[in-house]
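Subject: Structure handover

Hello,

The structure we spoke about is below. My notes on it follow.

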Amino acid sequence: MMKVLVTGGAGFIGGNFVHYMVDKYPNYNIVCLDALTYAGNLETLESVMDKENFKFVKGDIADREFINDLFKTEAFDLVVNFAAESHVDRSIEDPGVFLTTNVIGTQILLDAAKKTDVKRFHQVSTDEVYGDLPLDRPDLFFTEETPLHTSSPYSASKASADLLCLAYHRTFKMPITISRCSNNYGPYHFPEKLIPLMISRALNDESLPVYGTGENVRDWLHVYDHCTAIDLIMHDGRVGEVYNVGGHNERTNLEVVKTILRELDKPESLIAYVKDRAGHDMRYAIDPTKMESELGWKPKYNFDSGIKETIEWYLDNKDWWQHIISGEYKDYYEKQYKNR
Ligand code: NAD
């Protein structure tokens, strides 16, 4: 019986991963630890709450005493660390909490895992640690050897955590793996991020704020495919290794917004160009060869099928996102986009 700690499991990707693990491994005990920040939502976990192989614990990964006690009482076999402050715009406004959670929090988890018999510590990272690629070089992709070259406080904090993980592997021989994934989309995505922001606003016939000219390219992966990749890495990946995860689905932000408008039968006149994000990365593009050749990973979704299914989900689950956009988030949105 394996006991798996999933941190940040009330968030977007962690939440999808909890659903995936609870279903796929009925013989594993899944413990979700989440501080329930503005991005955490217990409604995401509603359908697994009463499953026998699932438990939710509220707590902060940056609280050393709490984390040490938890690791002592629970004796985890696997740890998957999703917990993070994850929004680039918020990291530009207030970098401090990004360092506390993403760097110190990861270090506290590593220290706790070091003292117990954890068989695998998997760190969920991002392709943003590589910085960006120029728009006029479509032949270039991020590989695991691409130097770290971060642009935002968010990506700098994630890169710092990656380096700590690699150092703990080298120095303390800890069984650590890291995945660096491209942009995810899918169910339970907090509406401050591009795709759910555009879907929720378009459905309400509100203007769709697009940074700059909308030319920035992101490499989109359905969250389900990210979950299958992490599952493979944490079971079969080699310790001390980094694995890039992406499905070759590059789209400009403007293309993504126009696709959403088309699918929802809404006019392009809803698009409102706003002042660009400071330090905005131009293009992300992942080379997933190592995942494919070493672990046999293959994504199930292409962007066209995945985005249709995701839009359907937002149409079928209005309660989930309407609660969010009517609360504290409304003030954040006003502050972020008003007079931009
Ligand atoms: P999210 O913001 O939706 O969720 C983060 C979760 O972590 C929330 O539930 C929040 O309550 C929790 N959390 C925050 N601080 C915490 C703390 N101190 N202690 C415990 N829990 C805390 O983020 P996401 O988009 O699901 O991203 C999850 C992970 O995946 C992050 O590490 C992120 O860097 C990485 N990632 C995200 C993407 C993407 O496209 N969203 C792509 C690649 C990698």
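This is a predicted model: local features need pLDDT of at least 70, side-chain atom pairs count only at pLDDT 80 or more; totals for chains, interfaces and linings use all residues.

The axes of α2 (residues 64-74) and α4 (residues 96-115) cross at roughly 30 degrees, so the two helices are roughly parallel to each other. Their axes come within 9 Å, and the crossing is right-handed.

On the α2 side, the residues in contact are R64, I67, N68 and F71. They meet Q107, I108, L109, D111, A112, A113 and K115 of α4. Sorted by class, this contact has 6 nonpolar, 2 polar and 3 charged residues.

Next, the cores. The largest nonpolar core has 36 residues. Within it, I195, I199, I260 and Y329 have the most contacts. Several elements each supply at least two residues of this core: the helices α6 (194-203), α8 (253-264), α10 (303-316), α11 (318-326) and α12 (328-337), together with the strands β8 (208-211) and β13 (271-274). Leaving aside residues up to four places away in sequence, I260 touches I195, M198, I199, I307 and I311.

There is also a second, separate core, with 31 residues. V57, A113, F142 and A159 are among them. A113 is also one of the α4 residues in the contact with α2.

Is C32 buried or exposed? C32 has 0% relative accessibility, and because buried means under 20%, C32 counts as buried. This cysteine lies in strand β2 (residues 29-34). Again not counting residues up to four places away in sequence, C32 touches V6, G9, A10, V18, L45, F54, K55, F56 and V57. As for C227, it is 195 residues from C32 along the chain, and the C-alpha atoms of the two are separated by 15 Å.

Last, two aspartates in loops have positive phi values. For D205, in the loop between α6 and β8, phi is near 55 degrees. For D265, in the loop between α8 and β13, phi is near 60 degrees. D265 has 72% relative accessibility and therefore counts as exposed.

Regards

Methods. Residues are numbered from 1 along each chain as its sequence is written. Side-chain values use heavy atoms; hydrogens and water are left out. A nonpolar core is a set of buried Ala, Val, Leu, Ile, Met, Phe, Trp, Tyr and Cys residues joined through side-chain atoms within 4.5 Å. Buried means under 20% relative accessible area, exposed over 50%, partly exposed in between (1.4 Å probe, protein chains only). Helices (H or I, at least four residues) and strands (E, at least two) are DSSP runs, numbered from the N terminus. Contact means heavy atoms within 4.5 Å. Axes are lines fitted to C-alpha atoms, for helices over the stretch in contact, and angles run from 0 to 180 degrees between N-to-C directions. Angles under 35 degrees count as roughly parallel, over 145 as roughly antiparallel, 65 to 115 as roughly perpendicular and the rest as oblique. A crossing is left-handed if the near helix is turned anticlockwise from the far one by less than a right angle, and right-handed if clockwise. Ala, Val, Leu, Ile, Met, Phe, Trp, Tyr, Cys and Pro count as nonpolar, Asp, Glu, Lys and Arg as charged, and the others, Gly among them, as polar.
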